[in-house]
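Here are my notes on the model you sent.

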Amino acid sequence: VYLATSSDNSTNGNGAALTSNLSSSDWIRGNTASSVTLLEYGDFQCPACAQFHPLVKALKDEFGASVAFGFRHFPLSQAHPNANSAARASEAAGAQGKFWEMHDILFERQTEWAPKPRPQGTFVSYAKELGLNTDQFEEDMDRNDLEDKIDAYYKTGVASGINSTPTFFLNGVKITNPRSLD
C-alpha cells in the first residue's frame with residue numbers, strides 16, 4: 001500500500017464516508033443502475049492495486065449483474081512517476097470506448113511498463129492491441145482536459161480522507177483493510 005501526501009493529515013478509519021458519490025462522470029461497469037456500489041480509488045503503477053485487481057475482477061464476475069463497480073484515479077506521482085501517464089492512457093482509451101480494457105491491461109502488465117522512463121510507446125502498443133485508432137489515442141493522451149479530470153478525481157479522494165491506494169468504498173463507506181475476496 002502506498003501513501004499519498006496532502007496538507008490534510010487527517011485519516012478516516014472504518015466507517016469513513018465518501019464525499020462524492022458515483023455519477024455519470026465516473027467510470028462504471030457492472031449494473032450501473034444498482035443501488036449497491038463498490039468504488040475503487042487506484043493508481044495504475046501501485047503494486048498493491050495490481051495485487052487487488054484479480055480480486056476486484058472476481059467480484060465483478062460474480063456480482064456484475066447486481067453491483068455497480070466504479071474506478072477513480074488517485075495517482076501517487078511522488079512514488080509512481082508513470083502513474084499519471086497511465087491514467088491519461090486509460091482516459092484516452094476511454095475516449096474510444098475502451099477504458100476498462102485498458103484499465104485491465106495496465107494492471108495486468110504493470111511490471112512491463114512501470115519501470116520504463118517513458119512508457120507512452122508501450123501504451124500505444126496496448127491501444128493498437130485493443131483495436132483503437134492509435135493516432136487519435138496519442139492525441140487524446142496529450143489533451144489538457146485529462147489532467148483536470150484526473151486531478152478532480154484525486155481531489156475527491158483527498159476530500160474523502162484517502163491516503164493510500166487502493167482504497168475502496170462500499171455504498172459510500174470506506175472498507176478498511178480488505179484482505180480477501182470474502
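1. D151 is partly exposed in this predicted model, because its relative accessibility is 33%. Its salt-bridge partner is K155, with the closest N and O atoms 3.2 Å apart. K155 is exposed, at a relative accessible area of 52%. Both residues sit in helix α7, four residues apart, so about one helical turn separates them.

2. Salt bridges with shared partners also join R29, K57, D104 and E108 into one network. The structure holds eleven salt bridges.

3. The bridge between D26 and R72 has its closest N and O atoms 2.7 Å apart. It links distant parts of the chain: D26 is in the loop between β1 and β2, and R72, 46 residues away, is in strand β4. Both ends are buried, D26 at 8% relative accessibility and R72 at 2%.

4. R88 of helix α2 pairs with E147 of helix α7, so parts 59 residues apart in sequence are tied together. The closest N and O atoms are 3.0 Å apart. R88 is buried at 14%, whereas E147 is partly exposed at 32%.

5. How do α2 and α3 run relative to each other? Their axes cross at roughly 150 degrees and come within 7 Å. As the angle is over 145 degrees, the helices are roughly antiparallel. Among the residues in contact are A86 and A89 of α2 and M102 and L106 of α3.

6. The largest nonpolar core has 28 residues; F44, M102, L106, W113, F123, Y126 and F137 touch the most other members. Helix α3 gives the most to this core, six residues. A separate core of eight residues includes L39, Y41, L76 and I162.

How values were computed: Residues are numbered from 1 along each chain as its sequence is written. This is a predicted model: local features need pLDDT of at least 70, side-chain atom pairs count only at pLDDT 80 or more; totals for chains, interfaces and linings use all residues. Side-chain values use heavy atoms; hydrogens and water are left out. A nonpolar core is a set of buried Ala, Val, Leu, Ile, Met, Phe, Trp, Tyr and Cys residues joined through side-chain atoms within 4.5 Å. Buried means under 20% relative accessible area, exposed over 50%, partly exposed in between (1.4 Å probe, protein chains only). Helices (H or I, at least four residues) and strands (E, at least two) are DSSP runs, numbered from the N terminus. Axes are lines fitted to C-alpha atoms, for helices over the stretch in contact, and angles run from 0 to 180 degrees between N-to-C directions. Angles under 35 degrees count as roughly parallel, over 145 as roughly antiparallel, 65 to 115 as roughly perpendicular and the rest as oblique. Contact means heavy atoms within 4.5 Å. A salt bridge is a side-chain nitrogen of Lys or Arg within 4 Å of a carboxyl oxygen of Asp or Glu.
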